[in-house]
Amino acid sequence: MESALCPAELISNDPGFRLIETFGFHPGEGLRRGGLHLSRMKASAQSLELPFDDAEARHIMATISGDTPLRCRLTLDVAGKFQLTLADLAPTAPRWRLAVADTRLQAEDPWLRHKTTRRAVYDTARANLPAGVDELLFLNTRGEVCEGTITNVFVELEMDMWVTPPLSSGVLPGVLRQELLMSGQVHEQIVTVEDLRAARSVYVGNSLRGKIHACWDGISGA
């Protein structure tokens with residue numbers, strides 16, 4: 001039976017389609033969360049009925065090395081072919097200023113669950129960040145906070161009570177997000193704009209850059 005997301009249609013209508021994983025390499029440490037990234041790509045490939053050679057993927061990742069931090073991007077096309085690109089990893093600013101995007105997401109859109117090249121809404125928003133803004137947060141049509149253009153959202157509602165929007169709000173299952181959930185450092189809960197206003201702290205983050213101290217409408221992460 002063909003996947004509900006219809007990979008055959010993707011092949012015919014979008015020959016440039018790729019699954020994407022972006023992660024960091026750090027000398028003396030190696031790949032950060034490499035296993036979780038491969039697991040996510042494999043799960044998406046299975047969902048979309050794309051070929052995925054686990055042994056080949058692990059072999060490719062094992063070849064990554066360097067004397068400086070690297071930004072690693074692994075893609076998988078509809079034929080099951082991997083491509084790895086490496087670039088220097090630039091330092092991340094210690095604090096990002098947030099704003100809310102005008103575009104609303106459809107929480108039920110199944111594509112929001114997969115990291116792919118079908119991300120025009122995110123790329124367009126990131127290419128047009130307002131002056132002084134480092135990240136835009138998307139809301140869904142119900143007014144719930146979803147995620148940023150390249151980050152998940154983490155909110156401290158009370159002392160040491162950290163939450164992140166659930167997948168049902170329309171969220172990519174980010175690898176850093178998964179790690180924090182698995183370790184019990186955060187739990188899933190619907191987040192609203194009012195929660196952001198009242199939050200003790202707000203962070204955004206992804207596997208490549210880690211957690212980033214954020215401020216929103218004058219409220220800064222502590």
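## Notebook: salt bridges, a hairpin and a buried serine

I began at Glu179, which is partly exposed with a relative accessible area of 30%. The model is a predicted one, so I kept its confidence in mind as I went.

**Entry 1, Glu179 and its partner.** I looked up what the Glu179 side chain meets, and found a salt bridge to Arg33 at 3.0 Å, N to O. The two come from distant parts of the chain, 146 residues apart. Glu179 belongs to helix 5 (residues 175-182), while Arg33 is in the loop between strand 2 (30-31) and helix 2 (34-47). The count of salt bridges comes to 10, and I picked two others to follow.

Arg58 bridges to Asp54, with the closest N and O atoms 2.8 Å apart. Here both partners lie in helix 3 (residues 54-62), 4 residues apart, or about one turn of the helix. I checked accessibility too: Arg58 is partly exposed at 44%, and Asp54 is partly exposed at 24%.

Next I turned to Arg142, whose salt bridge with Glu108 has its closest N and O atoms 3.3 Å apart. Arg142 sits in the loop between strand 6 and strand 7, and Glu108 in the loop between strand 5 (95-105) and helix 4 (120-127), so this pair ties together parts 34 residues apart in sequence. Glu108 is exposed at 55%, whereas Arg142 is partly exposed at 45%. Salt bridges with shared partners join Glu108, Arg142 and Glu144 into one network.

**Entry 4, the hairpin.** I stayed with strand 6 (residues 135-140) and strand 7 (residues 145-148), which pair in the antiparallel sense over 2 bridges. Leu137 stands opposite Gly148 of strand 7. The hairpin has 4 residues between its strands, and there Gly143 takes a positive phi near 85°.

Is Ser207 buried or exposed? It counts as buried, because its relative accessibility of 6% is under the 20% cut-off. I found Ser207 in the loop between strand 11 (201-206) and strand 12 (210-216). Its side chain makes a polar contact of 2.8 Å with that of His37. Beyond neighbours within four places in sequence, Ser207 also touches Arg32, Arg33, Val175 and Leu176, among others.

Last, I looked at pLDDT: the protein averages 92, and 92% of the residues score at least 70. Over residues 218-222 the pLDDT is below 50, although this stretch has 18 contacts in the model beyond near neighbours in sequence. Where pLDDT is low, the predicted coordinates should not be read in detail.

Terms used: Residues are numbered from 1 along each chain as its sequence is written. This is a predicted model: local features need pLDDT of at least 70, side-chain atom pairs count only at pLDDT 80 or more; totals for chains, interfaces and linings use all residues. Side-chain values use heavy atoms; hydrogens and water are left out. Two strands pair if DSSP finds at least two bridges between them. pLDDT is the predictor's confidence in each residue, from 0 to 100. Contact means heavy atoms within 4.5 Å. Buried means under 20% relative accessible area, exposed over 50%, partly exposed in between (1.4 Å probe, protein chains only). A polar contact is a pair of N or O atoms within 3.5 Å; within protein, one must be able to donate a hydrogen and the other to accept it, and residues adjacent in sequence count only if both atoms are side-chain atoms. A salt bridge is a side-chain nitrogen of Lys or Arg within 4 Å of a carboxyl oxygen of Asp or Glu.
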